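I opened my notebook to write down what I looked up in this structure, one entry at a time.

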Amino acid sequence: MTRTPAPLTISLECCLPRITTEPGRDWHVLPQAAGQGDGRSWEHALGASALQRLRNLKLQPGDRVLIGSGEYRDADLEVTASGSREAPIRIEGVDRGGGVPRLISGWRIEQPEAGGSAVDLAAGVSHVVLSRLRIESYQFAVMARAVRSGAPRSHLRLEDLEMRSVRHGLYLSDCDDLEVVQCNVWRYSKHGFRLNEGCDRVVFRGCTADCSEGDARWEDQTELFPFGYLVNNAGAPNTDIRFEECLAANNRMPRQRGSYKNGDGFVVEENTRNVEFVKCRALRNQDGGFDLKPPVRLTGCIAIGNSRNFRLWTTAELTNCFSGWAPTGLWCNGGPVRLQQCTLFALRDEAVETDDAAKSVVTLTRCLVAATRRVELNQARGRVEIAADTLVDPSPDGRDCRFIQPRPDWDGLGDAMNSRRYPDLGYRHDR
């Protein structure tokens, strides 16, 4: 019997740098140098060129690089120094009245492979916090290249980074004990967040990847396979990956050639190990909302308006999830898959499809299926088992369930799809 993996837990002790009681030095940076230009205060700030030569500052554990309001044109911030567990190095934007600092370059979607990186994380860097920056018009907002020899990066925290008009937001390899918190990417041509290879013990929390913001003109120019979050299989596996309250939206490329159009919200490739999603949302992606190849666990997740809301290739367990307003609610190519207290609503073709290599069972327990053309479509040996405690609403619009406010433009937040008639069945926002 194939076993669903146990819930993934990642200790934040390994990810969160401790605050030191021994202050380091503060380096102040402005778009134009001020005073004596040695960085000791805002009145004597370093100029923007200091970002290109951070290594010359000889940063020590506990140091802070404070980047003030303004525009930093063609900045290339290379992080080469490491902090310590007790005294991380911090590189952070400071709003001095003119907004959070902006790093701006000249990348254009018409030439997506031309352009550089705003931030490069050198091999072996550890205990660094990068926060409160706005990055615009780079090929890569933050890059960490594969480490072919030497130590990987470790104990990094990326927080409150706003990235816009880029090819890739984060493109990371060999980053262990990594936290990505409240980082957002809008209008990218390829990928919002990409773990390319060798990343272990990673948490994404409260992040957004929105490929087009619903702009059809941008979608006409995106590259092949636009993805919100990609956990790739380029080399060494990525392991112990957790997504919490993240959003993937509008990953589309309508001009792809061929009848099969691809553009996914969350993509996890097959060599990844130990993956969990908690309260994540996938909205209006061209193919899969969640396209997940290894064994996974999903809790409280929402998929709306994708071609196949949940696309599962092996074993999976879905608890308190919602799938709606799409052709297919859940597509399975392996199994077994267990759905517990999930809602499948307003699906034009079927709630569950077993396809191709599916040889096992998709089980629905304490679920609600409503306003759907058919419950199942079995294209292979896989089958769907509907437990006696699952309700299939026979009414064409699902009115028997008395959902609070069923609307196809629901963004997955709030209690709109709580059933007032069957509070113990299906998805509930407050469970």
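What share of contacts between residues at least 6 apart in sequence join residues at least 24 apart in the protein chain? I found 58%, where a contact means heavy atoms within 4.5 Å.

I noted that this is a predicted model, in which local features need pLDDT of at least 70 and side-chain atom pairs count only at pLDDT 80 or more, while totals for chains, interfaces and linings use all residues. Residues are numbered from 1 along each chain as its sequence is written, and side-chain values use heavy atoms, with hydrogens and water left out.

Next I looked up the secondary structure, and the protein chain has one helix and 33 strands, which are DSSP runs (H or I, at least four residues, for helices; E, at least two, for strands) numbered from the N terminus. The radius of gyration, taken over C-alpha atoms, is 23 Å, close to the 22 Å that the globule rule gives for 431 residues, so the protein chain is as compact as a globular protein of that length. That rule is 2.2 Å times the number of residues to the power 0.38.

I then turned to burial, and 59% of the 431 residues count as buried, meaning under 20% relative accessible area with a 1.4 Å probe, protein chains only.

Definitions and conventions: Buried < 20%, exposed > 50% of the residue type's maximum accessible area, 1.4 Å probe, protein only.
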